[in-house]
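Q: Please take a close look at a single part of this model. I would like the aromatic contacts and the sheet beside them in the discussion.

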Amino acid sequence: MDLHELDINKEPPTREFLEQHIDADRFLDFVSTRSPVFKERPLPTSKKEAIALMLENPNLIRRPIVIKGSKVIFGFDKEQYDTL
């Protein structure tokens with residue numbers, strides 16, 4: 001299976017993609033919490049709110065998004081990359 005990176009600037013993820021791959025209990029792990037947006041507003045408090053913000057501003061999504069088959073990794077994580 002091919003390993004590829006989703007370029008969110010060229011192809012922002014859909015609501016369906018985010019709903020499928022974001023864990024409701026760990027939704028902040030998928031948000032770029034260091035974004036300047038959060039200097040002006042609080043962090044999201046639910047998966048639904050996090051996804052709404054990500055769709056409004058794709059730069060809030062942790063990058064890179066690496067996809068191999070059904071496995072998706074948000075953000076740089078060498079340990080998870082090694083498992084691919």
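Are Phe17 and Phe74 buried or exposed?

A: Both Phe17 and Phe74 are buried; buried means under 20% relative accessible area, exposed over 50% and partly exposed in between, with a 1.4 Å probe and protein chains only. This is a predicted model, where local features need pLDDT of at least 70, side-chain atom pairs count only at pLDDT 80 or more, and totals for chains, interfaces and linings use all residues. Residues are numbered from 1 along each chain as its sequence is written, and side-chain values use heavy atoms, leaving out hydrogens and water.

Now the rings. Rings of Phe, Tyr and Trp (its six-membered ring) pair if their centres lie within 6.5 Å; planes under 30 degrees apart are stacked, over 60 edge-to-face, the rest tilted. The count is three aromatic pairs. In Phe17 and Phe74, the ring centres are 6.3 Å apart and the planes at 40°, so this pair is tilted. Phe17 sits in helix α1 (residues 15–21) and Phe74 in strand β3 (residues 71–74), 57 residues apart; helices (H or I, at least four residues) and strands (E, at least two) are DSSP runs, numbered from the N terminus.

Phe30 and Phe74 have centres 4.9 Å apart and planes at 85°, so they are edge-to-face. Phe30 lies in the loop between α1 and α2 (37–40), 44 residues from Phe74. At 7% relative accessibility, Phe30 counts as buried. Phe17, Phe30 and Phe74 form one aromatic cluster.

Strand β3 also belongs to an open sheet of three strands, ordered β1-β2-β3 with antiparallel pairing; two strands pair if DSSP finds at least two bridges between them.
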